[in-house]
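I opened my notebook to go through this structure piece by piece. Here is what I looked up, in order.

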Amino acid sequence: MLTAAALLLTGCLYSLIPEESPRSTASAAPVTDGVSPDLLPFYSQTLDWAPCSGSFECTTVTVPLDWTDPAAGELDIAVTRSRAEGGEPRGSILTNPGGPGASGIDIVQSSLSFMVGDPVRAVYDTIGFDPRGVGQSTAVRCLDAAEMDDYLYDIPAAERGTTAWEDELLDRHRDFAEACDASSDGILPFITTENAARDMDVLRAVLGDSELTYLGYSYGTFLGATYAELYPDRAGRLVLDGAVDPSISGLEVGTVQAVGFESALRAYMADCLTDDACPFRGSVDQAMADLGTLLASVDRDALRNGDGRMLGADALMTSIISPLYAEWSWPALTQSLTAVLAGDPTFAFGLADEYYNRVDGVYVDNQTEAFRAYNCLDYPVEVDPEDTAAAEARMEAEAPTIAPYWSGPDPCSVWSYPPTGQRGPIAADGAPPIVVVGTTNDPATPYEWAVSLADQLSSGVLVTRVGEGHTGYNKGNECVDTAVEDYLVDGIVPEDGLTCE
């Protein structure tokens, strides 16, 4: 069965440069208008900010464990703030870097200017937070580093595609799920995007904002769109960059992403072939065929790394996907593939580890665990064999290099809790204009998803970046940057359908 691929936009994929900003402990009073009595203790919290990570401030916000029963328990949401750099702020802008599972605190504190452009930082307090289940918030916990290495990198003993292979992988997924359930202190049934969006409304209120101003990337677009659907009257200026289509199934997500990464891989290969350092020769088709041969080769005979790990086709595929998120990472992919062709897996493992945020044998965050927890509750498990067969046929036709290493038994089929989310279009009727940014050859969140989300939203406005890589804002395209910043700063709505070359 096809599994949904990763929807990740994480700090480890970018050049992370710490930024300095002024610090102040001033906070506006909580906004509690219209809040029900059972939720008032959460919405009326007074925040206790403390200096952290240089010039940033940090605090913790308490939210209901179960939004249907606020008295059932609490979760902690970790929050960081960079004060507006231009003087008196007009409010806060919440941000989310994607995932699900990426740490909003880490990326804001390590690369603030990458996350939010200068004009926006000048007038808003920039807020990073770790959603429920993630990072420094009350977090999903599963395996230690050695166990995670075994789970992510061990090569199955059975032959790929056989029943024995599927059974072996399902056993691993089941063991992982049981470890998560045992180590996460009962929070797994409540790790959903809807709950995380409701948590954002508490953040908005306790920060003193009557409306939410928000910049979400990748999965963060689904989080933002869900917020607008739940609270259209509290939505302010929302920008959703690298859109996830909420109306499609997990099966279609995985299929479209496979096609998207194949397209990005072909674009990389066309660029690589113009460079003498490229390890491939001939046409793009010939080079892709040679890469397919390389993948098949390590699938048969894995390469041993210096730390004892074996580079098989799955780990090699992860190392290929990782640098396709950003065009500037393509030279690293060339270096990695050149080394693998020479029998050296070191660079490939470096790229795969970067994808999983593994540094010196340590997983520096829990993004992989949180990713699984969110997706297994947000996406109903696929059961129709005809749909699965059609999806696999499409991948074989449109993503022939990637397809052999993209399918496998669905790990969510053995998750400890059944899914509660439903897939369907989001209209957010009554919300003000919502700007949706799509990049034409984005491999992780393909452009067609941005078009679809903008169409679904009653007030959706589509901005198109023509180019490569994941997401469009703050990537060097002045047209996109101006459209986003004019909206966030001055409320100037871009022309719907604006195309930025």
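**Rings**

I counted 11 aromatic pairs, taking rings of Phe, Tyr and Trp (its six-membered ring) as paired if their centres lie within 6.5 Å, with planes under 30 degrees apart called stacked, over 60 edge-to-face and the rest tilted. Before going on, I noted that this is a predicted model, where local features need pLDDT of at least 70 and side-chain atom pairs count only at pLDDT 80 or more, while totals for chains, interfaces and linings use all residues. Residues are numbered from 1 along each chain as its sequence is written, and side-chain values use heavy atoms, with hydrogens and water left out.

I picked out Phe-261 and Trp-406, a tilted pair at 5.9 Å centre to centre with 50° between the planes. Phe-261 belongs to helix H9 (residues 250-272) and Trp-406 to the loop between helix H15 (385-398) and strand E12 (434-441), so this pair ties together parts 145 residues apart in sequence. My helices (H or I, at least four residues) and strands (E, at least two) are DSSP runs, numbered from the N terminus.

I then followed the ring pairs to a cluster of Tyr-153, Phe-261, Tyr-325, Phe-349, Tyr-355, Tyr-356 and Trp-406. Over the ring of Tyr-153 I found the charged end of Arg-309, 4.7 Å from its centre; the rule asks for NZ of Lys or CZ of Arg within 6 Å of the ring centre and within 35 degrees of the ring normal.

**Sheet**

Next I traced an open sheet of 10 strands with mixed pairing, in the order E1-E2-E3-E5-E4-E6-E7-E12-E13-E14. Strands pair here if DSSP finds at least two bridges between them. At the edges I found strand E1 (50-52) and strand E14 (498-500), each with a single partner strand, so one side of each has no neighbour in the sheet.

I also checked strand E6 (residues 212-217) and strand E7 (residues 235-241), which pair in the parallel sense over 5 bridges. Gly-216 stands opposite Leu-240 in E7.

**Two helices**

Last, I looked at H9 and H15, which pack at an angle of about 5° with their axes 9 Å apart. The axes are lines fitted to C-alpha atoms, for helices over the stretch in contact (heavy atoms within 4.5 Å), and angles run from 0 to 180 degrees between N-to-C directions. That makes H9 roughly parallel to H15, since angles under 35 degrees count as roughly parallel, over 145 as roughly antiparallel, 65 to 115 as roughly perpendicular and the rest as oblique.
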